[in-house]
Amino acid sequence: FTPLMLTAMFILLLPIIMSNTQLYKNSLYPHYVKTTISYAFIISMIPTMMFISSGQEAVISNWHWLSIQTLKLSLSFKMDYFSTIFIPVALFVTWSIMEFSMWYMHSDPYINRFFKYLLMFLITMMILVTANNLFQLFIGWEGVGIMSFLLIGWWYGRADANTAALQAILYNRIGDVGFIMAMAWFLTNSNAWDFQQIFITQHENLNIPLLGLLLAATGKSAQFGLHPWLPSAMEGPTPVSALLHSSTMVVAGVFLLIRFYPLMEQNKTMQTLTLCLGAITTLFTAICALTQNDIKKIVAFSTSSQLGLMIVTIGINQPYLAFLHICTHAFFKAMLFMCSGSIIHSLNDEQDIRKMGGLYKPMPFTTTSLIIGSLALTGMPFLTGFYSKDLIIETANTSYTNAWALLITLIATSLTAAYSTRIMFFVLLGQPRFNTLNLINENNTHLINSIKRLLIGSIFAGYLISYNIPPTTIPQMTMPYYLKLTALAVTIAGFILALELNLAAKNLKFMYPSSLFKFSNLLGYFPIVMHRLPSKMSLTMSQKSASMLLDMIWLENVLPKSISLFQMKMSTTVSNQKGLVKLYFLSFMITLALSLILLNSHE
Amino acid sequence: MSMVYINIFLAFIMSLMGLLMYRSHLMSSLLCLEGMMLSLFIMMAVAILNNHLTLASMTPIILLVFAACEAALGLSLLVMVSNTYGTDYVQNLNLLQC
């Protein structure tokens, strides 16, 4: 069991180590990487099968690194329910994405470096998922942040890409502060960074570290407040968006919260906070997704909305359901990104959906996978999304929670259907709106195979995973029929509404955007306001207090300049003389002489 | 009165005339002011020493101190006028705002 897992992870390291040799310069390097990952996937399925059949978890602790007074840090891997199931899913999705990027980045001269970066990202993600102590998790956490920066700014000549990469790093850093706060609290209050020790000891008030962890999840998983980096991260190449920002990296924050579920079970405040945060995120990003015009940004907002849904699930105390949603969401979201990548490439790098249309006939395979992906996303019964999303909404409906958060989640679910319909309407249906000289070709084997694999995954993975995992928290079995059908009802309502609106407004004149439209299109004014206002205010405040207050006002102006100004103003106000000095002196003298002569008559 | 006092008193009157009657330069009135101060000082010192009025022996020195202050004030006013007009002609001293 354990050696197999370690072998699987070691195989991943090989291509990086060989990067200094002749193999790297070869043009077959991408094939090499892809086959490596496929072997790692197959090997990692074996421990997963063993885990499913026996329910046995394992912790591998092999190398004692250092001991700082009473804290022992070692290299330890935790193979429990979460990591054992996540690793094959992540490897499968990465395998498909590697094959896809062999087609997508075909003309890029630095394709070997691209694959190396993707592989390094995968390794750090594995470290994050299998970490048994907070230190190793932090290593993985920072690692995925760095690789995200490198990959978003892949086309570094483009100023927008550099800004987006920097934005991603800054927002992640703010979340890291929360992570470090949690680590420090655990270090001082429970003397350990190992999960086993933290979960066993009984703490009295866990608000501070859980708040830190929530902040870390907000930063990494783009919840409301630290969310603008995710739509901006679409500046990176499509395989990057597919891997990082749909399936693996952005679920790192949610994964962190899931890991700490024994601590969150007892703390009602934290659960309410997570619930409200997730609900706000879901609704807000779904509203923003309704009026975007870039196909990748719509899918990015869709990711953000689903992440909010996962956080809501944690907030109603169902970590296993959230994890299930992570695994199923990876399949169809990666496939949606790959479909949009195929569309973009064949329309000669056109990303605006207003300039696409009528791709139903020329690209049948992509059309099929796009439709199935959108249906799985919205939770169509018996596709993948149904097994996780419907269960989440049922559990939320029947649990004792905040009614407002629940309502918002339902509205966001219907909006999911609305913007998915919008994508399909603009991209696939109608008359073509793109340049007519594009060669639309989706015949490449790599592209077809990878999308085909994820397609089969999107349809069947939900069923396969749900029926093969060890039993966890029991889902609610009985509920009134209207509650059970709620998710389906709001989704169908969203579909029909969006379809009707699109068809009705198709041939009307384009009207001036209302203020609600502007709110939705500009991401709720959040990035515009928050990127400029706080920094400008703090810089102005510091400049005023440092230089103006002390030097200019007190030393210069209070005594010297005010006295001189005062005197000058007063003298010009008060004096009403003219300047005839000589006359004054002469009259003085004549008066003096006359008085001396005239009053000399005493003798 | 003895001849000395009348002499010095005449010198004082001359300086006073010079202070009150000058043509164009402000500097000349300041100089006559100094002259007045000088004659007063001499008169005071001679009177005190001749009549052995030891108690008032420090009055000349006090007179010198105050004369120095007033000379400084006068000179600063001269400098202010000269700053704005370039010369110290007394015809400049109308109240045009500087």
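**Salt bridges, spaces and surface**

Mentor: Glu99(A) and Arg453(A) join their side chains in a salt bridge, 2.2 Å from N to O. A salt bridge here is a side-chain nitrogen of Lys or Arg within 4 Å of a carboxyl oxygen of Asp or Glu. This is a predicted model, where local features need pLDDT of at least 70, side-chain atom pairs count only at pLDDT 80 or more, and totals for chains, interfaces and linings use all residues. Residues are numbered from 1 along each chain as its sequence is written, chains are lettered from A and ligands numbered from 1 in the order in which they are written, and side-chain values use heavy atoms, with hydrogens and water left out.

Trainee: How many residues apart in sequence are the parts that Glu99(A) and Arg453(A) tie together?

Mentor: Glu99(A) sits in helix 4 (residues 81-104) of chain A, and Arg453(A) in helix 20 (residues 445-468) of chain A, so the pair ties together parts that are apart in sequence by 354 residues. Helices (H or I, at least four residues) are DSSP runs, numbered from the N terminus.

Trainee: Is Glu99(A) buried or exposed?

Mentor: Buried means under 20% relative accessible area, exposed over 50%, and partly exposed in between (1.4 Å probe, protein chains only). Arg453(A), at 17%, counts as buried. Glu99(A) has 5% relative accessibility, so it counts as buried.

Trainee: Which residues does the salt-bridge network join?

Mentor: Asp176(A) and Arg173(A) form a salt bridge, with the closest N and O atoms 2.4 Å apart. They are three residues apart in helix 7 (residues 159-190) of chain A, so about one helical turn separates them. Another salt bridge links Asp352(A) and Arg354(A), at 3.1 Å between the closest N and O atoms. Salt bridges that share partners make one network of Glu142(A), Arg173(A) and Asp176(A).

Trainee: Which helix gives the most to the lining of the largest cavity?

Mentor: On a 1 Å grid over the protein atoms alone, a cavity is a set of points where a 1.4 Å probe fits but cannot get out, and lining residues have an atom within 4 Å of a point. The largest cavity holds about 70 Å³ of space, a volume being the space filled by probe spheres set on grid points that are joined across faces, edges and corners. Its lining includes Tyr261(A), Met264(A) and Asn317(A). With three residues, the most is given by helix 13 of chain A.

Trainee: What is the volume of the largest pocket?

Mentor: A pocket is an open set of points with protein on both sides within 12 Å along at least five of seven lines. The largest one is lined by 35 residues, with Arg422(A), Phe426(A), Asn502(A), Ala505(A) and Phe517(A) nearest its centre. Its volume is about 1,400 Å³.

Trainee: What is the phi of Asn317(A)?

Mentor: Most residues other than glycine have a negative phi. Asn317(A) lies in the loop between helix 15 (295-315) and helix 16 (319-346) of chain A. Its phi is positive, near 70 degrees.

Trainee: Where is His52(B), which also has a positive phi?

Mentor: His52(B) has a phi of about 50 degrees and is not a glycine. It is exposed, with a relative accessible area of 68%. Its place is the loop between helix 2 (26-50) and helix 3 (59-85) of chain B.

Definitions and conventions. Helices (H or I, at least four residues) and strands (E, at least two) are DSSP runs, numbered from the N terminus.
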